[in-house]
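Please look at the sequence and the model first, and then read on.

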Amino acid sequence: IGHLRNSCIGDTMARLYKFAGYNVEIHNYIDDLGNQLADTVVGLLHIPLAKKYHRFGDYCWDLYTKVNQAYQEDPSLLKKREEVLHQLEAGNNNTAWQGYLVAEQIVREQIEEMAEFGIGYDLLIWESDIVREGFWNKAFELLKQSEQFVKETSGPLAGCWILKQSNTNENDSEHIQDKVLVRSNGILTYTAKDIAYHLWKFGLLDGVDFAYHRFQDQLYTTFRHGSKEFSYGQADTVLNVIDQRQEYPQKMVKEALEAIGFHKQAENLHHISYGVVSLSPATASMLGIDTSDQKTSYTMSGRKGIGIKISELVEQMEKVIEEKRTRKSGISSREIAIAAIRYYLLRFGLKTEIIFDMDQATEVSGNTGVYLLYGYTRGFNILKKAAVKTIEKPEKINRDDLHPSELALLRHMITWHDTVEFALKDQAPNYICNYAFELCSLFNQFYTQCPVIKEENTPKRDFRLWLTNVYLQHLEEALTI
């Protein structure tokens, strides 16, 4: 569900920029050289697990938990992880191919899952391709021109290449490892590969590029033996959607760009930081998590096996909505569940740590996706019952003739494009949620206080039909974003 919040934020920001007329590329970064994949491969090689699963990713979820438990019981097994990391990075060996097949299958399952939420990508970027296409070699040469990039000769980081910070305490023990770009054993850190990746994003690697291959439909992927005829990257502005625990490594990428002399690009690199997602006790209990310790919330951890798969969350939400709804016609309970989840993950300020509560997310009243869907349906049904072929804007609107609820609705709709502008400026998709919720609330006040179809005064009726139509247009745009 944390991954889902990431994807919802990224997709919504992309929709916002497209709505405002920008050209947008959505990249999904596949970390196929990191500890999580290495742990999964170690598990496949050394940890027995025999159980029925619907999907490979579900099997890997349990395997990942088991291998991390095994590390605690037998620390010598950690050496296997280091061996696998070396082999993954080297490529062209049994372990590297195993890692690639594992990652590819999990990615396919994730893409299928995200598509149900209306989330798609333009390009998959594989971390292994960044290494094997020589991106780091080029980045390494650029970094060596900076006095901030040095090889330590003594102390705990002896033999490591590090990026010294220009504006922070160099003795900051909390982040000392984040400064390391190349470990003493020669293995690149995540941050090192991220720096090389961002130099490519901004078109700063002088002709060094990926090869590309169609992954499925309109989605392309970096591919070692693909085609060079496609062109991606060359960005003016880069937005990275990564949770707030990665703030320091993201600062390191900006610092690297500054150190090399790419000041404009550093300024145009933005980290969209967001809080993690926890579960309320009621929701955790409903999903089968042990809540006997009576915590106020339950933080998810793949290593400990505490969490909820998106497919299971959707199924549970679908059941809750099916039980709550009185009318079964219209869109399915599953579609409503998906809309409700997506909205809930977006409506809070990005830095807010969300405690996801299933009952709260499916309320018919209040700031929920379900409420907004009802608000749209209500306006749609008014126009349907009116059976008017064309709805035209009145030639003149006399403010003195307006009911306060009509005036309030008009005033709010006037702020729509300003809302989009501020959401882009502050990189805050929750502004769109706030706008949509207030729009529905104001329309419901108008609906209860001002008859539309039953209004006998024809000009007034025509105006209210027009107002309902404009409301629907604004709400549709907000909900589409």
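E318 forms a salt bridge with R334, with the closest N and O atoms 3.3 Å apart; a salt bridge here is a side-chain nitrogen of Lys or Arg within 4 Å of a carboxyl oxygen of Asp or Glu. Because E318 lies in helix 12 (residues 310–324) and R334 in helix 13, the pair ties together parts that are 16 residues apart in sequence; helices are DSSP runs of H or I, at least four residues, numbered from the N terminus. This is a predicted model, in which local features need pLDDT of at least 70 and side-chain atom pairs count only at pLDDT 80 or more, while totals for chains, interfaces and linings use all residues. Residues are numbered from 1 along each chain as its sequence is written, and side-chain values use heavy atoms, leaving out hydrogens and water.

| Pair | Closest N and O atoms |
|---|---|
| D39 and R81 | 2.8 Å |
| E318 and R334 | 3.3 Å |
| K144 and E141 | 3.6 Å |

D39 and R81 are both buried, where buried means under 20% relative accessible area, exposed over 50%, and partly exposed in between (1.4 Å probe, protein chains only). K144, at 40% relative accessibility, counts as partly exposed, and E141 is partly exposed with a relative accessible area of 45%.

Helix 18 (residues 430–449) has 20 residues and reaches 29 Å from its first C-alpha to its last. Its buried residues include N430, Y435 and F446.

Definitions and conventions:
Helix = DSSP H or I, 4+ residues; strand = E, 2+ residues; numbered from the N terminus. Expected span 1.5 Å × (residues − 1).
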